[in-house]
Amino acid sequence: MLLSDIATVVGFDHCLTDPDLRAAYEVDWTGRYRGLSPAVIRPGSVDELSAVLALCHGAGQPVVVQGGNTGMVGGGVPLRGELVVSVGRLGNLQVVSERRVRAGAGATLGRLQQAADSVGAGFGVDTAARDSATIGGMIATNAGGINVVRFGPMGDQLLDAGVVLADGSYLPSLRQTGPDHPAHGLIDLLAGSEGILAVVAHADLTIAPDPAAVAVAMIEVPAARLQSLVAGVGGLPSIYAIELFGGPEVELAASGLGRSAPLSADWLALVECRSDDDPAGALAEVVGDLPAVVATNPSVGRELWLFREALTEGVSRLGIPHKFDVRVPHAGLNDVRASVTAAVPNGTVFVWGHAFSNRDGHPTANLHINIIGEVDDEAVFDVIENLGGSIAAEHGIGTAKRHRADRARDDLAALAEMKRRLDPKRILNPAVLLPDDF
Ligand SMILES: Cc1cc2nc3c(=O)[nH]c(=O)nc-3n(C[C@H](O)[C@H](O)[C@H](O)COP(=O)(O)OP(=O)(O)OC[C@H]3O[C@@H](n4cnc5c(N)ncnc54)[C@H](O)[C@@H]3O)c2cc1C
């Protein structure tokens, strides 16, 4: 009965019950998380999304929200037999001004970048999943990426959002939701809420004019100088990206690219600066006497970036990697490789990631730790927590790390309180982020 009511709302072609048609929505892209759903619902407008959620709410039917299904932590697949609500058809895009874009939740990052480019502007978050990841999913996970040092994560680009709540009510502007509404304050919690509080229907996001000149440097950094180098380049007004990796990673990338590694050291920092004036002089001053390759020609700069971009593919050539997305304070960076290696004696460890300062001004890095071989995930998480870090950086908690979220109850209290207010029946993403008893 529920499904036929839903099909009447969205049309039978967008209420997918055939197992072959559902299959791609029931498994994540890594193949690690797989579930079964009675149907995949694909609303084609905000009104339809509202009506679908109102019906599910009335029937007490749990749902899982899905965007581009590029998430890394199993948050968008129906692991408990939920209905899948896919927002991929809500893909409208409108450039409001040179500083503002309005995007439907299902618009991909790549399309948003093209829209920004059409007015000579850029968008602050970029990831390799740009052709599939959606704006709704990126807000839900508070996605980061290579320019996080300059622009912050997705939440920092969010000017306003329109959402549909669990009971189907539509709020076109969270910024204008008054203090008496139960969703007051949701705008501050939305980024990183992983679909448990509301379904993002559309968002207004900030874009910024693209600076004219670029400088890219690959710098050899001895462990003892890592913190001061990152603080120095991080303080440049022109900073756009600080990527860190080490000798084993650059060798891996070089062998995949069929080239020799340009440099090798404890750490390599790949730094990009952009400004309307030439940023190379200020960058060279901070680099000082450290050996470096510096490119001011964009095509040479792209050559240096190849060594960073070849890492994901390079590690996959060695086997199926265990992937960890963790945050580590700069003070712990020099201990990460040795401590993780000690915790996984039968694994080969690769470490790379983005350095930046968090909102409180504490220097930190989002690290992607990839391990080939036998791995005890919990031992790796313990190492990261002992270094003062966090087991989730920019991919979210999802289902994969939910069992560890118990340790962060204080941090999750505001989310849990908002969940009780907005979704007391717990129909939105019930197996995601919050422990069941929270
Ligand atoms: C090759 C590759 C590279 C990547 N690089 C990065 C990177 O550099 N940085 C980074 O942060 N991530 C990265 N990711 C991870 C992934 O792209 C992000 O997590 C992305 O934000 C997920 O977007 P999505 O549309 O695919 O969401 P999905 O995978 O569909 O969903 C992710 C979560 O968001 C929820 N959700 C989806 N849409 C909505 C909505 N409209 N409203 C409410 N909740 C919703 C889902 O329920 C789920 O919990 C990468 C992934 C791949 C495959």
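Trainee: Which domains does the shell around the ligand draw at least three residues from?
Mentor: Domain 1 (2-86) and domain 2 (93-209) each supply at least three residues; the bounds come from an automatic or database domain assignment. This is a predicted model, where local features need pLDDT of at least 70, side-chain atom pairs count only at pLDDT 80 or more, and totals for chains, interfaces and linings use all residues. Residues are numbered from 1 along each chain as its sequence is written.
Trainee: How many residues surround the ligand?
Mentor: There are 36, and the closest are Gly67, Gly71, Gly75, Gly136 and Gly137. A residue is near if its C-beta atom, placed from the backbone, lies within 6 Å of the molecule.
Trainee: Which element gives the largest share of that shell?
Mentor: Helix α5, with five residues. Helices (H or I, at least four residues) and strands (E, at least two) are DSSP runs, numbered from the N terminus.
Trainee: New topic: how do α1 and α3 pack?
Mentor: Their axes are 9 Å apart, at an angle of about 170°. Axes are lines fitted to C-alpha atoms, for helices over the stretch in contact, and angles run from 0 to 180 degrees between N-to-C directions. The two helices, α1 and α3, are therefore roughly antiparallel (angles over 145 degrees count as that).
Trainee: And how many residues of domain 1 and domain 2 are in contact?
Mentor: 13 residues of domain 1 contact 19 of domain 2, counting pairs whose C-beta atoms, placed from the backbone, lie within 7 Å. On the domain 1 side, α3 gives the largest share, seven residues.

Methods:
Parallel < 35°, antiparallel > 145°, perpendicular 65-115°, else oblique. Contact = placed C-beta atoms within 7 Å.
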